[in-house]
Amino acid sequence: MHENMEHLIELPQDRAQERLHAALVYFVDYMERPRDANEVLKDRQQSVPVEMLPMVF
């Protein structure tokens with residue numbers, strides 16, 4: 001590695017940012033975990049709200 005390589009991720013400087021980052025890590029871990037059959041069966045398709053369509057397409 002190059003000795004002057006910059007870090008791509010900056011650590012939070014205050015407690016609020018630190019808590020926000022921790023919550024985000026928890027959420028991503030939760031979303032990435034394997035789900036059981038009961039959770040999969042409860043999933044239902046939903047329409048995207050009209051105001052979100054520009055973001056989707």
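Modeller: Happy to! This is a predicted model.

Colleague: What else does the charged end of Arg33 do?
Modeller: The charged end of Arg33 sits over the ring of Tyr30, 4.2 Å from the ring's centre.

Colleague: Nice. How many salt bridges does the structure hold?
Modeller: There are 3 salt bridges in the structure.

Colleague: How accessible are Asp43 and Arg35?
Modeller: Asp43 has a relative accessible area of 44%, which makes it partly exposed. Arg35 is partly exposed too, at 42% relative accessibility.

Colleague: Back to Arg15 and Glu18. Where do they sit relative to each other?
Modeller: Both are in helix H1, 3 residues apart, so about one helical turn separates them. An α-helix has 3.6 residues a turn, so residues three or four places apart point the same way. As for cover, Arg15 is exposed at 57% relative accessibility, while Glu18 is partly exposed at 40%.

Colleague: Tell me about H1 itself. Does its length agree or disagree with what you'd expect?
Modeller: It agrees: at 1.5 Å a residue, the 18 residues of H1 should span 26 Å, and the C-alpha atoms at its ends are 26 Å apart. H1 covers residues 15–32.

Colleague: How many of those 18 residues are buried?
Modeller: The count is 0, so H1 is hardly covered, taking buried to mean under 20% relative accessible area.

Colleague: What about the whole chain, what percentage counts as buried?
Modeller: Of its 57 residues, 0% count as buried. The accessible surface of the protein chain comes to about 6,600 Å², and 58% of that belongs to carbon and sulfur atoms.

Colleague: Where would I look for a nonpolar patch on the surface?
Modeller: Look at Leu24, Tyr26, Phe27, Val28, Tyr30 and Met31. Together they form a nonpolar surface patch with about 670 Å² of accessible area. Tyr30 is also the residue whose ring lies under the charged end of Arg33.

Colleague: Let me pick one of those. Is Tyr26 buried or exposed?
Modeller: Tyr26 is exposed, with a relative accessible area of 63%. You'll find it in helix H1.

Colleague: With those rings around, how many aromatic pairs are there?
Modeller: The structure holds 0 aromatic pairs.

Colleague: Last one: what's the overall fold pattern?
Modeller: Along the sequence, the chain reads α-α-α. That is 3 helices and 0 strands.

Definitions and conventions
Residues numbered from 1 in each chain as written. Predicted model: local features only at pLDDT ≥ 70, side-chain atom pairs only at ≥ 80, totals over all residues. Heavy atoms only, no water. Patch = residues over 30% accessible without salt bridge, like charges linked within 9 Å, V, L, I, M, F, W, Y side chains within 5 Å. Areas by Shrake-Rupley, 256 points an atom, 1.4 Å probe, with all protein chains shown as cover. Salt bridge = Lys/Arg side-chain N within 4 Å of Asp/Glu carboxyl O. Helix = DSSP H or I, 4+ residues; strand = E, 2+ residues; numbered from the N terminus. Buried < 20%, exposed > 50% of the residue type's maximum accessible area, 1.4 Å probe, protein only. Expected span 1.5 Å × (residues − 1). Phe/Tyr/Trp six-rings, centres within 6.5 Å; stacked < 30°, edge-to-face > 60°. Lys NZ or Arg CZ within 6 Å of the ring centre and 35° of its normal.
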